[in-house]
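Take a moment with the sequence and the model below. Then read on with both in view.

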Amino acid sequence: MTKKETRAEINTFIQGLITEASPLNFPVNASVDEDNFELNRDGTRDRRLGMDFEPSNVLIDSGITTSTVSSAAINTFKWYSINGLITQEFLVAQVNKSLYFFDMEEDNLTRDGYKGTIALTTFPAEVRYSFAALEGKLVVAAGISSIATVSFNDTTSVFSVTYDTLKTRDVWGVQNTTTPSYETDDSYRGTTISAQHRYNLVNQSWGIPRKNKANTLVNPITQYFNDLGVYPSNSEVIWTGLQFQAVTAGADPFERVYTNLFTEALGATVRAPKGYFVIDVLNRGTSRAAVYANNSTKYPALGTSTISLPTDSTPGGATCINSFAGRVFYAGFNGDVVGGDIRSPILSDHVFFSKLVRSPTDINKCYQDGDITSRESSDLLDTDGGFIRIAGARGIIGLYNLETHLMVLATNGVWTITGGAAYGFTATNYKVSKISIFGALAPESVVLEGGRLFYWSEDGIYVIAKGQSGDYEVNSITTSTIQTFYENIAATSKSKATGAYDPFTKKVRWIYKSDQLFSSLAETRELVLDLVLNAFYTSTIQKAPGNTIEVMSAFSSKSFNTGNSFTGVAAGTEDVYVGGEQVGIASDIRKSGIQSLRYLTLVSVSGALKLTFSYYYNNNFLDWYSYDSAGVDAKAFLLTGSQVASDSGIDKQIPYLIMHFRRTESGVVGALPNYQSSCKVRSQWNWSNSVNSNKWGDLFQAYRYREPRFVTGSADTYDNGYETIISKNKLRGRGKAFALYLETEPLKDCRILGWNLTLNANTIT
């Protein structure tokens with residue numbers, strides 16, 4: 001039987017993890033499974049460095065215990081431009097009610113950057129807070145009626161907090177259950193007045209005493225009844241009956257109520273504008289009674305100050321906030337109403353926005369300054385606050401500032417809020433657009449990168465970005481790449497996923513967990529998306545002894561030089577700095593890298609949980625080496641997709657596999673080279689996925705020097721004159737398709753450049 005021979009060069013392994021390709025046409029430059037290999041832009045693969053605490057880290061008490069961590073709320077936020085200083089930036093770490101602050105300009109966050117903590121005593125525990133930064137202040141929402149504003153005093157280095165509630169104008173009023181005709185007929189005027197109708201009239205311009213013809217201040221509602229024998233309708237405003245009284249020469253003119261004018265104008269079918277009162281957004285009934293009483297106290301001529309109204313409240317409060325267009329936006333309200341009526345608003349689809357914030361006192365003012373019911377100041381101004389209804393939105397989980405748009409992510413879709421004309425958002429100029437039916441699942445999974453926004457949904461990972469038309473579009477980035485992998489992630493893991501963007505490596509990293517924190521089954525996985533290559537790969541952060549360490553989330557900070565790390569005596573003369581601190585000397589291997597991503601980490605110490613920070617830098621590929629001076633090997637592996645070499649019907653053999661690696665050895669420790677590499681390889685034939693198939697080859701060492709070197713002493717630099725290591729290997733087995741499996745060896749590097757195949761195949765099936 002004749003055979004044909006072909007060669008294949010694999011040196012651009014840049015498509016990363018792919019699970020959506022057919023076994024018969026799998027891309028040659030992708031993997032079907034992998035872990036703990038970094039994907040490089042030049043098509044090479046490097047074993048990832050070990051995860052470890054920042055050097056000389058400090059463990060900061062979190063105030064919670066291991067036994068309560070499963071219900072604890074842990075979150076991070078970057079507070080920019082504190083007190084208006086653009087160079088001042090704090091990381092805010094929330095653990096239940098406590099906020100911990102770290103100066104992100106420091107290389108060592110826990111030792112040098114820790115600025116202090118503050119407890120939000122009136123806020124609930126075990127609730128994820130939402131944060132916004134504006135005018136140098138930190139605004140915090142926790143799903144309750146109160147909003148906290150945190151300030152920092154640069155002189156005393158003291159944090160302080162004030163609380164307030166969201167305020168808006170009462171554009172709803174209350175239902176008149178005593179006299180239902182007021183609800184069905186806007187022009188109805190009754191002979192009796194209920195507390196509800198009295199409140200509505202005051203809220204509709206009748207709340208200020210007016211003069212009668214005797215030049216005496218009176219309650220205009222009472223004067224109306226005294227003169228006409230009925231009470232004003234819901235279509236009438238006080239301004240209709242106000243005119244100047246004719247006076248004798250030399251007397252001062254005055255404006256008074258002419259009740260006959262109301263009868264002349266009766267018949268309008270439009271309800272009078274509402275909003276004289278500014279009330280609490282959530283506790284409407286209680287605040288209505290309070291503002292009514294205050295108004296009566298301010299104007300004694302109005303008479304009684306007490307009034308009985310429905311309680312009318314919305315449980316909870318804003319669960320998500322953000323700053324946009326110089327304001328604070330609030331959303332994520334409960335849709336329930338307690339003690340309300342048919343006029344009570346259902347707030348679950350509402351987004352409130354503050355006035356243009358010029359001082360901290362504006363942060364909670366979600367209303368227009370001018371009295372809506374006034375004849376002089378009823379106009380809505382660009383700088384006013386208010387609210388927007390997002391029709392159809394259910395379960396708003398987040399607000400995100402994306403260039404000129406505010407993205408509203410809900411469980412059932414995505415909406416945008418933006419300016420309605422060429423200029424930006426104002427209270428008089430905005431529009432709302434729905435851009436997707438694919439809702440979001442995890443608030444912490446949302447990652448902003450330039451003009452794009454990434455988020456996790458139940459069925460995939462989506463990106464919001466401008467399309468060719470210039471409008472924002474929403475598209476899945478997993479459908480044709482890792483959809484099967486994503487679907488196999490548990491729903492509970494997806495809902496708690498946290499994401500971060502590293503601007504220096506141009507990569508998005510999402511952390512998710514497979515089980516309860518600090519349990520023996522808990523596994524911390526990291527899904528990485530390289531935005532330059534549009535390719536995914538994964539890492540698994542190893543468990544520390546006793547399940548005592550949990551990596552919670554990543555965040556980008558100032559750039560820092562990771563340098564090299566080592567677990568023994570390093571050779572060479574190059575000083576090594578990690579996070580700005582000298583940790584030893586090492587060789588030129590694995591050059592110092594610039595990165596900005598750090599990880600919030602919890603450490604269990606005798607049942608108490610401590611806060612610290614970690615990142616990838618251990619050069620012996622051990623996770624948590626500094627924890628116990630032993631560490632855990634972060635094994636890396638990679639399985640290529642099966643290849644059929646353009647013909648799935650014929651058997652093939654690979655007599656020779658040429659492997660190319662980057663040489664890492666530099667210097668000598670004892671009688672052995674330092675910074676060794678290793679790569680074990682095996683073949684897998686005929687789409688086999690188990691050793692039971694008997695189609696798996698044996699693992700063999702592919703990283704080998706072709707010519708032996710002899711150590712001459714500790715001063716030997718172990719330089720063989722070549723940048724690469726090349727090995728020629730014979731693969732056993734045969735089949736219609738083949739794949740390669742590669743794995744690392746403890747304490748040894750692995751930097752894969754590519755490989756070359758010599759392929760023999762039958763010429764007939």
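The paragraphs below go through strands, helices and a few single residues in turn.

Keep in mind that this is a predicted model. Start with a sheet. Strands of a sheet pair through backbone hydrogen bonds, either parallel or antiparallel. Here, 4 strands form an open sheet in the order β12-β13-β14-β15, and the pairing is antiparallel. Which strands stand at the edges? They are β12 (130–134) and β15 (158–165). Each has a single partner strand, so one side of each is left without a neighbour in the sheet. From one strand to the next, the twist averages 25°. Now look inside this sheet. Strands β13 (residues 137–141) and β14 (residues 146–153) run antiparallel and are joined by 4 bridges. Ala141 faces Ile147 of β14 across this pair, standing opposite to it.

Next, find strand β35 (residues 507–513). How many of its residues are buried? The count is 7 of the 7, so β35 is largely enclosed by the rest of the structure. Both of its faces are covered. On one side sit Lys507, Arg509, Ile511 and Lys513.

One is strand β34 (residues 498–502), which pairs with β35 in the antiparallel sense over 5 bridges. In this pair, Ala500 stands opposite Arg509. Another partner is strand β36 (residues 524–530), which runs antiparallel to β35 and is joined to it by 7 bridges. There, Val508 stands opposite Leu529 of β36.

Now turn to the helices. Helix α5 (residues 284–298) has 15 residues. Its first and last C-alpha atoms are 21 Å apart, close to the 21 Å expected at 1.5 Å a residue. Several of its residues are buried, among them Arg284, Val291 and Tyr292. What do the buried residues of α5 pack against? They pack against α2 (195–206) and β21 (278–280).

Helix α2 brings in another helix. Two packed helices are described by the angle between their axes and the distance between the axes. For α2 and helix α3 (residues 220–228), the angle is about 110° and the axes are 10 Å apart. The two helices are therefore roughly perpendicular to each other. On the α2 side, the contact is made by Arg198, Leu201, Val202 and Trp206. On the α3 side, Pro220, Ile221 and Tyr224 take part.

Loops deserve a look too. Thr110 is in the loop between β10 (98–103) and β11 (114–119). Is Thr110 buried or exposed? Thr110 is buried, because its relative accessible area is 3% and buried means under 20%. Its side chain makes a polar contact of 2.6 Å with the side chain of Glu54. Beyond its neighbours within four places in sequence, Thr110 is in contact with residues including Asn57, Phe102 and Leu611.

Finally, check some backbone angles. Most residues other than glycine have a negative phi. Trp624 is not a glycine, although its phi is positive, at about 65°. Trp624 is found in the loop between β43 (622–623) and α8 (625–628). Trp624 is buried, with a relative accessible area of 1%. Tyr718 also has a positive phi, near 55°, in a residue other than glycine. Tyr718 is found in the loop between β50 (700–701) and β51 (724–729). Tyr718 is buried, with a relative accessible area of 7%.

Key: Residues numbered from 1 in each chain as written. Predicted model: local features only at pLDDT ≥ 70, side-chain atom pairs only at ≥ 80, totals over all residues. Heavy atoms only, no water. Buried < 20%, exposed > 50% of the residue type's maximum accessible area, 1.4 Å probe, protein only. Pairing = 2+ DSSP bridges. Axes fitted to C-alpha atoms, helices over the stretch in contact; angles between N-to-C directions. Polar contact = N/O pair within 3.5 Å; in protein donor to acceptor, adjacent residues only side chain to side chain. Contact = heavy atoms within 4.5 Å. Expected span 1.5 Å × (residues − 1). Parallel < 35°, antiparallel > 145°, perpendicular 65-115°, else oblique.
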